[in-house]
Amino acid sequence: MMRSLFSGVSGLKSHQTRMDVIGNNISNVNTVGFKSSRTTFAETLNQTLTGASAPNNPTIGGTNPKQIGLGTGVASIDMIFTDGSVQSTGKNTDLCLSGNGLFIVKQGNNTYYTRDGAFEFDAVGDYVLPGSGLHVQGWLREADGTIDTSDETKITDIVVPNGQTIDARQTTTASLTGNLNASSATGTTLTTMVEVYASQGQHYSIPVVFKKTGTNAWSYKIQDNWKANDGTTATLAGTLSFDGDGKSTGTTTSTLTVTLTNGATTPITITLDTSKLTQVSAESTEHVEQDGYGAGKLLNISIDNQGIITGTYSNGVKRQEAQIAIAQFPNATGLTKSGNNLYQISNNSGSRTVGTNSALGVTITPSALEMSNTDIANEFADMIITQRGFQSNSKIITVGDEMLETLINMKR
């Protein structure tokens with residue numbers, strides 16, 4: 001009889017734990033990136049009254065053991081690491097992660113992992129979780145302009161300094177693209193502007209005149225007597241030829257030389273490529289693309305679905321500044337919750353693998369957040385079942401008490 005009382009108590013405790021888990025799931029129904037949990041029960045020890053006996057053919061058959069269970073206990077509390085719904089926010093620094101992966105954040109030497117992508121840049125340009133100030137980890141742009149995502153040791157705090165500037169870049173190459181109208185009469189001229197930048201950011205719009213000299217033949221040069229306001233001059237001369245299909249033939253490069261008068265002793269030498277130019281019977285659309293630009297200031301930041309952070313500058317340049325690192329675990333459900341939507345490595349999570357989202361098969365949705373994966377309908381159903389289980393176990397204790405009372409009253 002006492003066994004039933006203790007079984008009832010164990011049932012009360014287990015169902016109370018299950019109710020605690022359900023309550024936590026429901027309370028976090030609107031927590032960004034929250035992963036719900038479930039509780040499983042298991043039978044505890046059994047008291048064996050008699051053991052099993054083997055058959056003794058043909059005299060007598062075997063008998064099963066006689067055992068009395070001693071109640072239930074919590075077998076496990078399992079985190080359910082399924083994806084939550086994607087909620088668009090319109091904020092360009094928010095990120096939603098889908099698949100088996102987590103963002104990496106750090107505070108000093110302490111490393112954490114999270115599905116909460118509600119990031120933003122602070123006053124100095126650190127990319128952080130604003131609620132805790134933890135730094136988001138990733139790879140920064142190298143001096144040569146590339147981002148080396150193959151080296152895990154280069155993962156660091158992502159920082160894009162607020163108001164940072166980009167130095168001017170001198171023009172070294174230019175490409176003439178578009179079309180020259182094949183129907184133009186011999187002697188027709190066209191003027192195209194070539195934008196040239198010096199190393200100190202000086203900008204010159206240099207007019208280049210194209211003249212049709214015959215069938216499938218053109219010449220080009222700097223407009224006669226052109227000179228910039230500061231006295232800078234330029235020289236360029238070349239010819240163009242096309243085959244019957246309108247494709248460029250013959251020499252497809254020439255040299256544009258810009259002589260500065262601002263104290264520079266070495267002229268700017270620019271290689272002009274005309275191989276992409278065509279000549280068909282259509283409107284002339286020739287234009288020049290070049291690789292130089294003036295100094296610029298950071299205007300805004302954007303993040304794409306590869307986790308690449310791109311800065312847009314006042315000079316029109318778009319430059320990749322950093323790329324977000326993603327961590328993946330063999331057993332993500334084995335991670336230890338640390339509060340504030342953070343996880344840490346445990347003995348059963350396995351070692352992390354770090355890479356880009358595409359390398360790990362994880363999807364990043366910019367300007368969105370992952371919603372909680374708590375299923376309200378399921379939680380309410382579980383809550384009803386848990387309540388009934390709790391009531392049933394309390395009834396065991398009540399009935400056991402009444403039976404003990406009856407036994408005691410026998411003496412009276």
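Which helix do the buried residues of α3 pack against? I started my notebook with that one, keeping in mind that this is a predicted model.

**Entry 1, helix α3.** I looked up the partner and found α1 (2-27). The buried residues of α3 include Glu379, Asp382 and Asn393. I then checked the helix itself: α3 covers residues 376-409 and spans 49 Å from its first C-alpha to its last, close to the expected 50 Å. At its start, a side-chain oxygen of Asp375 comes to within 3.2 Å of the backbone nitrogen of Ala377.

I found six aromatic pairs in the structure. In one of them, the planes of Phe119 and Tyr127 stand at 65°, with ring centres 5.4 Å apart, so I noted the pair as edge-to-face. Phe119 and Tyr127 are both buried. Ring pairs also join these two with Phe103 and Phe121 in a cluster.

My search of the whole structure gave 13 salt bridges. I picked Glu370 and Arg115, whose closest N and O atoms are 3.0 Å apart. This pair links distant parts of the chain, 255 residues apart: Glu370 sits in strand β33, Arg115 in the loop between β8 and β9. Are these two buried or exposed? Glu370 has a relative accessible area of 1% and Arg115 has 0%, so both fall under the 20% cut-off and count as buried.

Arg169 and Asp291 meet at 3.8 Å, N to O. They lie in two loops, so the bridge ties together parts 122 residues apart in sequence. Here Arg169 is partly exposed at 41%, whereas Asp291 is buried at 17%. I also noted that salt bridges with shared partners connect Lys35, Asp83, Arg115 and Glu370 in one network.

Notes: Residues numbered from 1 in each chain as written. Predicted model: local features only at pLDDT ≥ 70, side-chain atom pairs only at ≥ 80, totals over all residues. Heavy atoms only, no water. Helix = DSSP H or I, 4+ residues; strand = E, 2+ residues; numbered from the N terminus. Expected span 1.5 Å × (residues − 1). Buried < 20%, exposed > 50% of the residue type's maximum accessible area, 1.4 Å probe, protein only. Contact = heavy atoms within 4.5 Å. Polar contact = N/O pair within 3.5 Å; in protein donor to acceptor, adjacent residues only side chain to side chain. Phe/Tyr/Trp six-rings, centres within 6.5 Å; stacked < 30°, edge-to-face > 60°. Salt bridge = Lys/Arg side-chain N within 4 Å of Asp/Glu carboxyl O.
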